[in-house]
Amino acid sequence: MSFSTFVTDTAGLQKMFEAIISKHETYAPVEKFGKFDYKKVSSLKECNPDSPIDATMSVKPLFFPRASKIIKYEASSAGTSIHETDEDPIAGKRVILGVKHCDARGLQVLEAVNKWDYIDSDFLKRRANTVIFSTRCDKADTQCFCTSLDYDVENLDAMDVAIINGPDGRIYLCARTEKGENFLTQNPAPGSRNPEPIAQEEMKKQYETFAASFRLKMDYKDVNEKMSKRFDSPAFEEASRNCVSCNTCAFICPTCHCFKISDEKIRDTGLRYKSYDSCNNAYFTLEAGGHNPRPAKYRRWRQRSMHKFVYYKERFGVNLCVGCGHCAISCPVNISIFEVVNHVANAPVES
Amino acid sequence: MEAEVKDKIVSIEKPEIIAPPDWKPVIVGILCNWCSYAGSDLTGTSRMQYPPNIRIIRVPCSSRVDPWFIIKALQTTADGVLISGCHPGDCHYISGNYYARRRFLVTKELLKMVGFHEHRVQFSWVSAAEGAKFAQVVKKVTDDVVKLGPLHLYKKENFNK
Amino acid sequence: MDYSKEIRDIAAKLFADGKIDVFVGYRMNGFDDNQVPVVITDPKEVSTLVFTEKSVFNLTNYLKTDHTRGKRVGLIVKGCDSRSLNLLLTESQVKRDRLYIIGIACEGVVDDKGVKMQNCTECIVPDAVVFDEMLGSPRGKKDYIVNADIRALAEKGLVERREYFEEIFENCIRCNACRHSCPLCYCAKCCIDQETASLYNGSNTASSAFHALMTWSLHLAGRCVDCRNCEKACPSHLPLHLLHKQNEKVIFENFQNHLAGVEEGERGAFYKYSLKDPDDFIM
Amino acid sequence: MARVGVFVCFCGANIADFVDVPTVVEEAKKIREVKFAVDYKYMCSDPGQQMIRDAIVQYRLTSIVVAACSPRMHEKTFRKALSDAGMNPYLLEVANIREHSSWVHQKDKKAATEKAGDLVRMAVAKSIANEQLHEISVPVTKRALVIGGGIAGIQAALDIADARIPVTLVERSPSIGGRMAQLDETFPTLDCSQCILTPKMVDVASHPYIELIPYSEVIELNGYVGNYKARIRKKASYVNFKSCTGCGACWQKCPVKVPNEYNMGIDKRKAIYTPFPQAVPNKPVIDAEHCTMLLKGKCGICAKFCEKGAIDFKMVDEVIEREIGAVVVATGYDLWDATPYEEYGVGRYKDIINSLEFERMVSANGPTGGLPIRPSDGKVPKSVVFIKCVGSRDKAKGIEFCSKICCMYTAKHAILLHHKVHDSRAYIFYMDIRAAGKGYEEFVNRAQVETGAVYLRGRVSKIYQKGDKLMVRGEDGNLGQEVEVEADLVVLATAIVPYKENPALARLLGISYDKYGYLSEAHPKLRPVETAKAGIFLAGCTQAPKDIPETVAQASACAAKVCGLFAGDTMKKDPMVSTVNKEFCSGCQNCVTVCPYQAIVTEDIPLGHGAKETRTVAKINEGVCQGCGSCVAICRSMAINLAGFTDPQIINEIVAI
């Protein structure tokens, strides 16, 4: 199937967004307490659909909520009965505007684990029912390092509809998936369909300028191999020394997916929740008998780094990190996973 | 003596929420064993009547009351909370109610700031001889909470009473 | 306010004299003009130390980590930091003889954008109250002022306040960064994570966030020193200081002008009482 | 899983008339954990209890809920029923559906029934979290320590010893007897103080169960109720009591003269002395501050004249230890120093004396042979002014409280003055006459009628010298006019204050004291004898001003408390005490500060499994803990829990409503 491209301008795009918001359940970055978070919106004024780079919250909670109900149970002398929970409020058809490229990539990465072993139908259903609009990124923040990972100018597959700022104020609207194509067909897109091809040369030049603007760069190709050789390296201890174990990084990471299960029971009715957890939490691995295999901070850091750059890659062929830099921005002491990985990968190997 | 429920009672903190017609407030009462619980027993032995909305929990001393009992009660079952202990100077454990008093004031003011009406959580000193006072206190708290309407703040989702 | 050179000299001397095993200070973060804490064990790294009005983070938070526990530590404390250190000493979390404290007569610090922090504009105790060595000239204690945001909130109506805080609790993602970055949250296992509490509040819902934040702020009531580490750590940028400043105000005004950690050996406001405490709010 | 039995009581008609009991039973049966629910007319009756016992066995119940009257009423009864059925008695919960429902909602049966159902559900929820608890038994060292050998200490020691419990009586001065030994006659019967006191003093000395340690002080007390360890410093007496016969040759020959404390400094004693002739033990001690031999190394006359060679100038203080189970504190009182009353000329005029000085003067064995005299010229006074409330009830200059005994002893002094100097007249300035007590009012009347004492209601504003007389100017409130009395002697009934070292002693014992220095009782009404620290009791004026009968009564009450404490080999205690979960304790020690009973101490435990480094955690002494839960609520780590009222129990109740 071939996908359509539309060309329009800022005004056309605005009009389209307005139409989408009025017709569909729409989510977009909304400024809350001085940072952007993806929220349900009812007008274009409330939000910034241009994939703001300083969004510190990822789009992950719209697919994997901070707390989701798994089951509902009722206890009585007749026994305990289990009921379906109320309808999933985010499983319906919806559109998310202004998703950052890295956030969208994060969903792609997460899909792998959600399709593997236990099939998380909730996640997949939410994903299937969502149309993601995303603007191709053209500016780097101080903590961004996506280009060091597998960012590819042409790889916009994570988006259903990609918005590309072309030369001379032209804005290209490209369907990237079947879902995106159908959406653009059903919802009148502005401008002309399938205009002249995007000026590839110019776009490439644009990308090169963009890539050059990155502060953080590394040669990631053999990072995975280097890391796996340095499991016992003291570099983990050194790199984690500043960490205050606050867990912020994991909670706002677009790819972290550790969770815990908890029950909340009142009277005879209980709800079982699946909520975020973090492997940086000292009690994450505490076993019922009292033993904790990862009591020290550096071991938890090692697990987190190795999972992101070794184990996940080994299993699913992709790093569990998209280089968004959210964690470093949010970290109260500015620890960047980039620096940790860089430090470990280049540390001497102990014989 | 059923607390009188009028046609349309709205939640004071969330005016968009209207109480169902059969709504009855629930008051969680936490009483110290030596003064207030004994006082509430005296109310009973004297056959003094008060509204039936309060559910009493016995603790040894008002100083046993951790502020998160109040928070938990508000989150789950309660529309209002009453905590009662011995009069200052009468604490069976010498100084327990003085420590409790500090915590109560701070908790009350904090709850007030985050949007709870100040009558949601009330405190009293009731001695073992003040059966009549206990009845009055319960009546006042119940009347207050009836006026405030149902509590709908930070309730646990599965709360469905 | 730039004591970088002095601090480097002191730290180098402490290492040279074998008086400390670890030094906790600040260094540049390496990409802009902001700073991050640094835990130094190698005397060679002393040259990276800096101290300016960008040295925001309360370093006493590092006293609860494996890197400093049981070791001889040199660290830098500003006025507010020294108050939390005072409480840590009172609450037997650190031993005074294992610390070498560089106190700062603080002129106030600025946030990432270079704006003076609110807690600094309202600071009561700018000078370190516990130290081995003091840098800068002491400025003396200031009068207590009620936090501007608290004053503004008091003007608002009940529904308005409820709406505002509901948003706060809804935006809390329960990462617990506030707790972990608080120097006074040193419990072996936080009560919020314990079974009794988590049995009913284990999920990351707004209701649980309400429970967690309220309990947390009440555990810090009369102890919080307003260093704002929690706010700095919060990824949701929640105005957590509101909870603490409200408690601080109530405690200061009602409990004989109690301020956390200012007096040596003085415990939090909930661990003592006065016969004169207000009683009129109780029926 | 928990298997709960619910037993709902009709309480005759008390509950059943206003609560639909069968509905409550049906509601209870719906709860998952409830395996058996039943109602009965009188649950507390024998058949009712039998139902519980049978059901426990038949349904293998793990906890019991009785919905009946207040737990303050029958909790013990039902606990016993559980015990009898072989179940831990603390697995019982009582739902109070009578006092809290049927009796208070008599006009609304539906609501009362619904509430009763909720109360049952709360009790069931709580009972699920109940744990098996066991009565705490604390071993007891059966020996009492009595601090102070005045009438309070003597009475307490004798009463305890008569119950065949060993007593160690520690007295700081060389002889027991205390203030009462200084008194002449006692109100309201005017019997001779010495005559009634000395036999008791002799009894103390000869009692097989009393170990008398005079001239010594308690310097340390460790441990807790039933298991204290006291360290006592015996001051060096420089006289070997074992060989001394008390013949008196030493003090008769001693050349050094020192003001005599026993006689309020009116006459002199020697540097080696017995405080008074009837002293017990009747052995002299050397006053090291004044003995020339000890100060300058010259003299030693006493040693030369001692036939038994009992004088030992090389003697040093000795510290002894005693293991004890209980302490009675009876340190008595001092007189307040009236110097702030400048307008009275206190300290300026020799003929102003205090009541104890007067007491010594009129005492038959006193320094003046029982006759009051003017210190200035030794003449017998004819006109004597007594001023009451000097220092007492005077917030501005003295002390706010009433010294309680002054009204009575001043009346006594008026009578004694009349007896000794028939042509004298007493003028008594007073604020109120407080004569509440058996025979007290009559006694005051007797003083007024028999002796013609002039009672003037009002404060004295000024005393000044006029010739060899003292002019006392004051107000006669009854007449509303100023009066001036020409006095030969003025006697001030100064306030009584606690023994000056009470605060230091209180800190040493770990008990509290008030702003005046009086030691604090555990409860002003219901526990006036106990202190907040279990096993430490108060007798006499160390707690508050009181007269002899009250002091003796309190001392005997102390003895009863001590005997009760020692009734078994171990003390039984309610198991509702706090416990520390060491794993979670962060060692902040705020609980140590908050505990009103000093029941929390700290201990060092290894940092990790087998680690050398230690960390400090709280440790609760269950023998001392009274179970208030103050520590539980302030423990941020939730490392402390109170058995019977644990967090899970209370939270279960809250969420079950």
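In the predicted model described here, strand S21 (residues 383-390) of chain D pairs with S22(D) in the parallel sense, over five bridges. Within this pairing, Val384(D) has Ala426(D) of S22(D) as its bridge partner. Strand S22, which covers residues 425-430 of chain D, is mostly covered, with five of its six residues buried.

Chain D as a whole comprises 19 helices and 34 strands. Its mean pLDDT is 92, and 100% of its residues reach 70 or more. For the model, the scores are ipTM 0.90 and pTM 0.81. The radius of gyration of chain D is 33 Å, whereas a compact globule of 657 residues would have a value near 26 Å. Taken along the principal axes, the C-alpha atoms of chain D fill a box of roughly 95 × 70 × 45 Å. Of the 657 residues in chain D, 53% are buried. Among the contacts in chain D with a separation of 6 or more, 70% are made by residues 24 or more positions apart.

Chain A contains 11 helices and 12 strands. Its radius of gyration is 22 Å, close to the 20 Å that the globule rule gives for 351 residues, so chain A is as compact as a globular protein of that length. The C-alpha trace of chain A spans about 65 × 65 × 40 Å along its principal axes. Buried residues account for 47% of the 351 residues of this chain. In chain A, residues 24 or more positions apart provide 72% of the contacts with a separation of 6 or more.

Chain B holds an open sheet of four strands, arranged in the order S2-S1-S3-S4 with parallel pairing. Its edge strands are S2 (54-59) and S4 (121-125) of chain B, each of which pairs on one side only. From one strand to the next, the twist averages 20°. Helix H1 (residues 33-45) of chain B packs on this sheet, where it touches S1, S2 and S3 of chain B, and the direction of the helix makes about 125° with that of S1(B). Strand S1 (residues 27-32) of chain B runs parallel to strand S3 (residues 80-85) of chain B, and five bridges join the two. One of the residues involved is Ile27(B), whose bridge partner in S3(B) is Gly80(B).

Chains B and D are in contact through 35 residues from chain B and 36 residues from chain D. On the side of chain D that touches chain B, at least two residues each are supplied by helix H5 (98-102), helix H6 (109-128), helix H18 (630-634) and helix H19 (647-656) of chain D. The largest share of this side, six residues, comes from H6(D). By class, the residues of chain D that touch chain B divide into 20 nonpolar, eight polar and eight charged.

A further contact joins chain C to chain D, with 17 residues of chain C touching 19 residues of chain D. The side of chain C that touches chain D consists of seven nonpolar, seven polar and three charged residues.

Within chain C, S1(C) and S2(C) form a hairpin with six residues between them. In the turn, Gly30(C) has a positive phi of about 95°. Strand S2 (residues 35-40) of chain C is mostly covered, as five of its six residues are buried. Asp17(C) counts as exposed because it has 9 C-beta neighbours inside 10 Å, and a residue is classed as exposed at 12 or fewer. Asp17(C) and Gln35(C) are separated by 18 residues in sequence and by 27 Å in space, C-alpha to C-alpha.

Terms used
Residues are numbered from 1 along each chain as its sequence is written. Chains are lettered from A and ligands numbered from 1 in the order in which they are written. This is a predicted model: local features need pLDDT of at least 70, side-chain atom pairs count only at pLDDT 80 or more; totals for chains, interfaces and linings use all residues. pLDDT is the predictor's confidence in each residue, from 0 to 100. Two strands pair if DSSP finds at least two bridges between them. Axes are lines fitted to C-alpha atoms, for helices over the stretch in contact, and angles run from 0 to 180 degrees between N-to-C directions. Two residues are in contact if their C-beta atoms, placed from the backbone, lie within 7 Å. The radius of gyration is taken over C-alpha atoms; the globule rule is 2.2 Å times the number of residues to the power 0.38. A residue is buried if 20 or more other C-beta atoms lie within 10 Å of its own, exposed if 12 or fewer, and partly exposed in between; C-beta atoms are placed from the backbone. Ala, Val, Leu, Ile, Met, Phe, Trp, Tyr, Cys and Pro count as nonpolar, Asp, Glu, Lys and Arg as charged, and the others, Gly among them, as polar.
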